[in-house]
Amino acid sequence: MSKLTILYLAAAALFFIAGCTAEQYRPKYSYIGCYGDTTSRRDLSNYVARSRMSVEFCYRECDRLRYRYFGLQNGRLCFCGNTYGLYGQKSERECNLRCNGNRDEFCGGRLRNCIYEIHTDSSVILNFL
C-alpha cells in the first residue's frame with residue numbers, strides 16, 4: 001500500500017470520526033429572536049396546539065413536518081413555517097411568557113413569537129466542510 005493511499009485512508013477515517021462527533025454535539029435548533037404576529041395572517045403558516053407547551057415539543061412537531069422554523073407564542077401555542085418576519089423583530093421583553101409545559105422556558109407573548117431555526121442534516125455537513 002502506498003503512502004498516499006495510507007494518508008487518504010487516515011484522512012477519511014478522521015473525517016468520519018470528526019463528523020460523528022460534530023453531529024453528536026450540534027444543537028438541533030437555535031434561537032433567532034422575538035417577532036411580531038397578527039391573527040389575520042400568521043407569520044408562521046402551520047399551527048400546532050398543545051395544552052402543555054415546551055420548546056422541545058414545538059421543535060419535534062415542526063421538525064417532523066419538515067419545516068425550517070418554529071415559533072412559540074402566548075405560553076402555549078406552536079407555529080411552524082419556512083419563512084418568518086412579516087411583522088418585524090420585537091423587543092425580547094415582549095416574549096416574556098413562560099411555557100405552560102416547562103416554566104423554565106419562554107414561549108413568546110401575546111401575538112409575539114419566540115422564533116427558532118431547525119438545524120437539518122445537510123446544515124451539519126455544510127458546517128463541517
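Apart from its neighbours within four places in sequence, V55 is in contact (heavy atoms within 4.5 Å) with Y29, F70, L72, C99, E105, F106 and Y116. The structure is a predicted model, in which local features need pLDDT of at least 70, side-chain atom pairs count only at pLDDT 80 or more, and totals for chains, interfaces and linings use all residues. Residues are numbered from 1 along each chain as its sequence is written, and side-chain values use heavy atoms, with hydrogens and water left out.

**Overall architecture**

- The protein has three helices and seven strands; these are DSSP runs numbered from the N terminus, with helices being H or I of at least four residues and strands E of at least two.
- Along the sequence, the elements follow the pattern α-β-β-α-β-β-β-β-β-α.
- Of the contacts between residues at least 6 apart in sequence, 69% join residues at least 24 apart.
- Of the 129 residues, 34% are buried; buried means under 20% relative accessible area, exposed means over 50%, and partly exposed lies in between (1.4 Å probe, protein chains only).
- The protein exposes about 8200 Å², of which carbon and sulfur atoms supply 54%; accessible areas come from the Shrake-Rupley method with a 1.4 Å probe, and for residues only the protein chains shown count as cover.

**Nonpolar cores**

- A nonpolar core is a set of buried Ala, Val, Leu, Ile, Met, Phe, Trp, Tyr and Cys residues joined through side-chain atoms within 4.5 Å.
- The largest such core holds 19 residues, and M53, V55, C58, C62, F70, L72 and Y116 touch the most other members.
- At least two residues of this core come from each of β1 (29–36), α2 (55–64), β3 (69–73), β4 (77–81) and β7 (112–118).
- The greatest contribution to this core is that of α2, with five residues.
- A second, separate core has six residues, including L44, L77, F79 and I115.

- Within α2, the residues V55, F57, C58, Y59, E61 and C62 are buried.
- An α-helix has 3.6 residues a turn, so residues three or four places apart point the same way.
- S54 is located in the loop between β2 and α2, and S54 is buried at a relative accessible area of 15%.
- Not counting residues up to four places away in sequence, S54 touches L72, C99, N102 and E105.
- R66 follows α2 and belongs to the loop between α2 and β3.
- The C-alpha atoms of R66 and C80 are 9.1 Å apart in space, while the two residues are 14 apart in sequence.

**Positive phi outside glycine**

- Most residues other than glycine have a negative phi.
- R66, although not a glycine, has a positive phi of about 65 degrees, and R66 is exposed, with a relative accessible area of 74%.
- N74, in the loop between β3 and β4, has a positive phi of about 60 degrees and is likewise not a glycine.
- With 28% relative accessibility, N74 counts as partly exposed.

- D43 is placed in the loop between β1 and β2 (46–49).
- Although buried, D43 has no salt bridge, and R41, the nearest side chain of opposite charge, is 7.9 Å away.
- A salt bridge is a side-chain nitrogen of Lys or Arg within 4 Å of a carboxyl oxygen of Asp or Glu; Lys and Arg count as positive and Asp and Glu as negative, while His and the chain ends are not counted.
- The side chain of D43 reaches the backbone nitrogen of L86 at 2.9 Å.
- Leaving out residues up to four places away in sequence, D43 touches Y35, G36, D37, T83, Y84, G85, L86, Y87 and N113.
- T83 sits in the loop between β4 and β5 (98–99) and is exposed, with a relative accessible area of 55%.
- With residues up to four places away in sequence not counted, T83 touches D43, L44 and Y69.
- T83 and Y69 are 14 residues apart along the chain, and their C-alpha atoms are separated by 7.0 Å.

Conventions. Polar contact = N/O pair within 3.5 Å; in protein donor to acceptor, adjacent residues only side chain to side chain.
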